[in-house]
Amino acid sequence: MTHRMRTICLATLLLSLLLIASAAQAATFGNLDVSIIDPTTVEVSWAGDASHEYRAYFGVQGAEWHYWYTTDGLTVTVSDLAPNTYYEVVIEDQSTNDTLTQTFRTDKSEAYREYNYRWNQCYIYIIRAGEAPNLYDRPRERITSISQSSARQHMKDGEIAVSIQFSWKRSNYDKEIYQTVVLRTPSGNVFTDQFERTIDGSWDGAYLLTTLDGLFDDMTEWKSNWEKGTYTVELYNDGWFAGRSSFTLK
């Protein structure tokens with residue numbers, strides 16, 4: 001082998017080692033970053049091995065309950081968070097069980113409200129069971145307090161829902177909104193759900209019912225015996241505040 005050939009081979013070997021080192025560095029698990037998209041939405045990204053599966057846990061800082069999402073990528077977007085709330089996110093590499101943790105605060109809800117939106121009433125209702133398939137056609141009863149046993153029975157036979165009555169400007173097209181429902185417990189835990197709504201553009205107001213059963217199911221998964229005290233329900237449309245109500249669990 002000539003000196004020139006030995007030099008070329010050595011250069012090729014060094015380049016290969018650099019590429020391997022670079023790839024290993026790029027695959028190092030770390031660099032957790034949280035980007036705030038709007039008051040209810042964040043995008044979380046990190047560096048790691050793209051062939052691994054990851055689990056992302058989101059929970060209110062200092063609280064016990066958390067939601068989790070599984071992804072085979074290096075980013076995850078969550079769109080049903082509570083505004084103006086401190087969260088902790090934990091990313092777990094399912095192949096190595098290594099974790100990354102970061103706290104962040106979601107933005108305050110936007111002061112601007114689309115379509116000159118104004119909410120008038122926001123109440124909690126028991127929707128009784130009935131033959132009518134439409135939630136709006138069933139008998140209902142407004143509540144400000146309820147016992148745990150009664151709440152469970154009503155959830156078994158019917159539903160518990162939050163109602164919102166509001167006015168806004170007409171438009172030439174249907175209004176499509178993402179409604180985030182936030183349930184805050186007496187101890188500070190937060191449960192959320194999200195619904196996509198399409199409302200006729202010709203309407204200058206509406207009365208909407210949103211079931212809370214999914215939130216109560218999450219709460220039951222967290223604790224079989226619910227906390228006593230005051231619960232607050234908040235509504236957000238595309239990140240802006242849309243209404244609030246509360247009830248007491250006895």
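**Exercise 1. Work out in which order the five strands of the open sheet with mixed pairing are arranged, and which of them are edge strands.**

Solution. Start with the order, which in this open sheet of five strands is β10-β16-β15-β12-β13, with mixed pairing; strands here are DSSP runs of E with at least two residues, helices are runs of H or I with at least four residues, and both are numbered from the N terminus. Two strands count as paired if DSSP finds at least two bridges between them. Next, look at the edges: β10 (145-146) and β13 each pair on one side only. Then turn to β12 and β15, which run antiparallel and are joined by six bridges, and note that Arg-184 stands opposite Thr-232 in β15.

A note on the model: it is predicted, so local features need pLDDT of at least 70 and side-chain atom pairs count only at pLDDT 80 or more, whereas totals for chains, interfaces and linings use all residues. Residues are numbered from 1 along each chain as its sequence is written, and side-chain values use heavy atoms, with hydrogens and water left out.

**Exercise 2. Decide whether Leu-215 is buried or exposed, and find its contacts.**

Solution. Leu-215 lies in helix α3 (residues 213-222). Its relative accessibility is 1%, so Leu-215 counts as buried, a term that means under 20% relative accessible area, while exposed means over 50% and partly exposed lies in between (1.4 Å probe, protein chains only). Leaving aside neighbours within four places in sequence, Leu-215 is in contact with Val-181, Leu-183, Phe-191, Thr-192 and Asp-193.

**Exercise 3. Identify the strands of the open sheet with antiparallel pairing, and find what stands opposite Val-60.**

Solution. This open sheet has four strands in the order β4-β3-β6-β7, and the pairing is antiparallel. Its edge strands, each pairing on one side only, are β4 (66-71) and β7 (99-105). Neighbouring strands of this sheet are turned by 20° against each other on average, direction ignored. Within the sheet, strand β3 (residues 54-60) and strand β6 (residues 86-93) run antiparallel and are joined by seven bridges, and here Val-60 stands opposite Tyr-87 in β6.

**Exercise 4. Count the salt bridges, and examine where the partners of two of them lie.**

Solution. Side chains of opposite charge can pair when their charged atoms come close. A salt bridge is taken as a side-chain nitrogen of Lys or Arg within 4 Å of a carboxyl oxygen of Asp or Glu, and by this rule the count comes to five. One of them joins Arg-138 and Glu-159, whose closest N and O atoms are 3.5 Å apart. Arg-138 lies in the loop between β8 (118-127) and β9 (140-143) and Glu-159 in strand β11, so the pair ties together parts that are 21 residues apart in sequence. Another joins Glu-234 and Arg-244, with the closest N and O atoms 4.0 Å apart; since Glu-234 lies in strand β15 (residues 229-237) and Arg-244 in strand β16 (residues 240-249), the parts tied together are 10 residues apart in sequence. Glu-234 is buried, with a relative accessible area of 7%, whereas Arg-244, at 42% relative accessibility, counts as partly exposed. Arg-184, Glu-234 and Arg-244 are linked in a network of salt bridges.

**Exercise 5. Locate Asn-189 and find which backbone nitrogen its side chain reaches.**

Solution. Asn-189 is found in the loop between β12 (175-184) and β13 (190-199), and at 3% relative accessibility it counts as buried. Its side chain reaches the backbone nitrogen of Trp-65 at 2.9 Å. Not counting residues up to four places away in sequence, Asn-189 touches several residues, among them Trp-65, Arg-184 and Trp-222.

Methods: A polar contact is a pair of N or O atoms within 3.5 Å; within protein, one must be able to donate a hydrogen and the other to accept it, and residues adjacent in sequence count only if both atoms are side-chain atoms. Contact means heavy atoms within 4.5 Å. Axes are lines fitted to C-alpha atoms, for helices over the stretch in contact, and angles run from 0 to 180 degrees between N-to-C directions.
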